[in-house]
Amino acid sequence: MTIKFHFETKIKLPGRLLLKQFIKKIDKCEGNKISQLSFVFCSDSYLLDINRRFLNHNTLTDIITFNLNTNMPDKANGEIYISVDRIMENAKKYKTTNEAELHRVIFHGVLHLCGYNDKTQSQKRIMRIKEDFYLNNYGL
């Protein structure tokens, strides 16, 4: 799996090699479903524009995950957009660190590409359990 990080706004992301290795571990544990992955760290306005143009939503969000691989349903080619502004706001709101919230959202996007959804309460509960599991295993 190829993993790339792109920065449309400033954010500290130390330990990128370790993070890439851990994302590959998540993918392996979940059945090797991702072939390529790009993260774009951006502002609220950048992500709001994507939300409006591609999803017809006019709301702020912390993450949008796209699977660009429509011709091979068993392998994801993903783009994950993360609002740094939302991460910082949510870290305060949920009384956690920016680092922990950032990694929760990163793992959340990876889990989406591994086939997990969060539309229903049951799906949200499963997603949160998975996020917590991987955060704990990552040391956060």
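Which residue just after helix 3 takes a positive phi? In this predicted model, that residue is lysine 95, with a phi of about 55 degrees. The legends below present close-up views of the model.

**Figure 1. The largest nonpolar core of the predicted model**. This core has 29 residues. Those with the most contacts inside it are Leu37, Phe39, Phe41, Ile82, Ile106, Phe107 and Val110. Two or more residues are given to this core by each of strand 1 (2-7), helix 1 (16-29), strand 2 (34-42), strand 4 (76-83), helix 3 (84-93), helix 4 (98-113) and helix 5 (121-138). Helix 4 gives the most, with seven residues. In soluble globular proteins, nonpolar side chains tend to be buried together.

**Figure 2. Glutamate 30 in the loop between helix 1 and strand 2**. Glutamate 30 counts as buried because its relative accessibility is 11%, and buried means under 20%. Its side chain makes a polar contact of 2.9 Å with the side chain of lysine 130. Apart from residues up to four places away in sequence, glutamate 30 touches Leu111, Cys114, Tyr116, Lys130 and Tyr134.

**Figure 3. The buried and exposed faces of helix 3**. The buried residues of helix 3 are Val84, Arg86, Ile87, Asn90 and Ala91. Seen down the helix axis, these residues fall within an arc of 155 degrees, and therefore they line one face of helix 3. An α-helix has 3.6 residues a turn, so residues three or four places apart point the same way. The exposed residues Lys92 and Lys93 are carried on the face of helix 3 turned away from its buried side. Among the elements that cover the buried residues of helix 3 are strand 2, helix 2 (44-55), strand 4 and helix 4.

**Figure 4. Arginine 86, a residue of helix 3**. Is the arginine at position 86 buried or exposed? Arginine 86 is buried, with a relative accessible area of 19%; the cut-off for a buried residue is under 20%. When residues up to four places away in sequence are not counted, arginine 86 touches Asp44, Leu60, Thr61 and Asp62.

Key. Residues numbered from 1 in each chain as written. Predicted model: local features only at pLDDT ≥ 70, side-chain atom pairs only at ≥ 80, totals over all residues. Heavy atoms only, no water. Core = buried A, V, L, I, M, F, W, Y, C linked by side-chain atoms within 4.5 Å. Buried < 20%, exposed > 50% of the residue type's maximum accessible area, 1.4 Å probe, protein only. Helix = DSSP H or I, 4+ residues; strand = E, 2+ residues; numbered from the N terminus. Polar contact = N/O pair within 3.5 Å; in protein donor to acceptor, adjacent residues only side chain to side chain. Contact = heavy atoms within 4.5 Å. Arc of directions from axis to C-beta.
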